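Hello,

As promised, here is the structure I have been looking through. Have it open while you read, and my notes follow just below.

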2 protein chains.
Amino acid sequence: MEELKRINELLVDLYGCQGSLDSVEFLVGILRSAARSMGSKVVKTVSHKFSPTGITVILILAETHISIHTWPEYHYAALDIFICSEEINPKIGWEVVKDALKPSSFNIHEMTRRIT
Amino acid sequence: MEELKRINELLVDLYGCQGSLDSVEFLVGILRSAARSMGSKVVKTVSHKFSPTGITVILILAETHISIHTWPEYHYAALDIFICSEEINPKIGWEVVKDALKPSSFNIHEMTRRIT
């Protein structure tokens, strides 16, 4: 039987973002960079631009997913990095997002979920 | 200014699932039923079937997202219901998933995130 796996989930609230929260291309680029920095494989990318404002981008990864939801009117973004792999550190991906969006403050919540 | 919003996030580990965890159609149907039961609008659906086993389904909602990742070999599924709306109760969606997948046990973690 395979070794039992853990899921590491990093939930981050980003406040006072200076990077653009209303560009799909910019946000897709950031999340892909975050995935690449972690050594994670992107399987699919899905995005939606809401009217009048706000974007959702989700990458399905070989190791689960990364999602971001933005509220540009509040300069706020909600980031989830959800990784099922002992070898991949979601904090590396978070650093890439932080450098790109430049929040003035943030809250991080870390969770570990067990598959068995 | 709009009223400040909360995000309610329900993270559930489902163990010993009896419902099929290896059918994309079945899981998409469950998540859409969950969204409908909450009165939530599905904007996009994305899924991926991994080889040899395991499925990811994510619905982008007008009110954020629902995701499920399954490991059929462990009868385990990780469900996230992530809702930005005071009027929508993610627990109603969770009940729909629970009834369909019939886990023998589960862990629920509830979070509230503030946009401002």
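Predicted model: local features only at pLDDT ≥ 70, side-chain atom pairs only at ≥ 80, totals over all residues.

A:Leu59 has A:Ile66 of E4(A) as its bridge partner. E3(A), residues 55-61, and E4(A) pair in the antiparallel sense over 7 bridges, and a hairpin of 2 residues links E3(A) to E4(A). On to the next strand: E4(A) is joined to E5(A), residues 76-83, by 8 bridges, again antiparallel. In that pairing A:His69 stands opposite A:Ala78 of E5(A). The hairpin of E4(A) and E5(A) has 4 residues between the strands, and A:His75 takes a positive phi near 55° there.

Is E4(A) mostly covered or mostly open? Mostly covered: of the 8 residues in E4(A), spanning 64-71, 8 are buried. For the chain as a whole, 44% of the 116 residues of chain A count as buried.

In chain A, 6 strands make an open sheet in the order E2-E3-E4-E5-E1-E6, with antiparallel pairing. E2 and E6 of chain A stand at the edges with a single partner strand each, so one side of each has no neighbour in the sheet. From one strand to the next, the twist averages 10°. Towards the E6 end, E1(A) and E6(A) run antiparallel and are joined by 10 bridges; A:Leu10, for instance, has A:Glu110 of E6(A) as its bridge partner.

As a reminder for reading the side chains, in a regular strand they alternate between the two faces of the sheet.

Helix H1 of chain A, residues 24-38, lies across E2, E3 and E4 of chain A and runs at about 30° to E3(A).

On overall dimensions, the C-alpha trace of chain A spans about 50 × 25 × 20 Å along its principal axes. The radius of gyration of chain A is 14 Å, which agrees with the value near 13 Å that a compact globule of 116 residues would have. Of the contacts in chain A between residues at least 6 apart in sequence, 65% join residues at least 24 apart.

Next, the two chains together. How many residues of chain A are in contact with chain B? There are 23, and they meet 23 residues of chain B. On the side of chain A that touches chain B, E1 (6-15), E2 (42-49), E3, E4, E5 and E6 (105-114) each supply at least two residues. E4(A) gives the most to that side, with 5 residues. By class, the side of chain A that touches chain B holds 12 nonpolar, 8 polar and 3 charged residues.

Last, a few backbone details to look at. Most residues other than glycine have a negative phi, and most peptide bonds are trans. A:Ser51 and A:Pro52 are joined by a cis peptide bond with omega about 5°, and A:Pro52 sits in the loop between E2 and E3 of chain A. In chain B, a cis peptide bond joins B:Ser51 and B:Pro52, with omega about 5°.

A:Lys102 is not a glycine, yet its phi is positive, near 50°. A:Lys102 lies in the loop between helix H2 (90-101) and E6 of chain A. Why does A:Lys102 count as exposed? Because A:Lys102 has 11 other C-beta atoms within 10 Å, and a residue is exposed at 12 or fewer. B:Lys102 has a positive phi of about 50° and is also exposed, with 11 other C-beta atoms within 10 Å.

Happy to go through any of this with you.

Best wishes

Key. Residues numbered from 1 in each chain as written. Chains lettered and ligands numbered in written order. Buried ≥ 20, exposed ≤ 12 C-beta atoms within 10 Å, placed from the backbone. Pairing = 2+ DSSP bridges. Rg over C-alpha atoms; globule rule 2.2 N^0.38 Å. Contact = placed C-beta atoms within 7 Å. Nonpolar A, V, L, I, M, F, W, Y, C, P; charged D, E, K, R; others polar. Axes fitted to C-alpha atoms, helices over the stretch in contact; angles between N-to-C directions.
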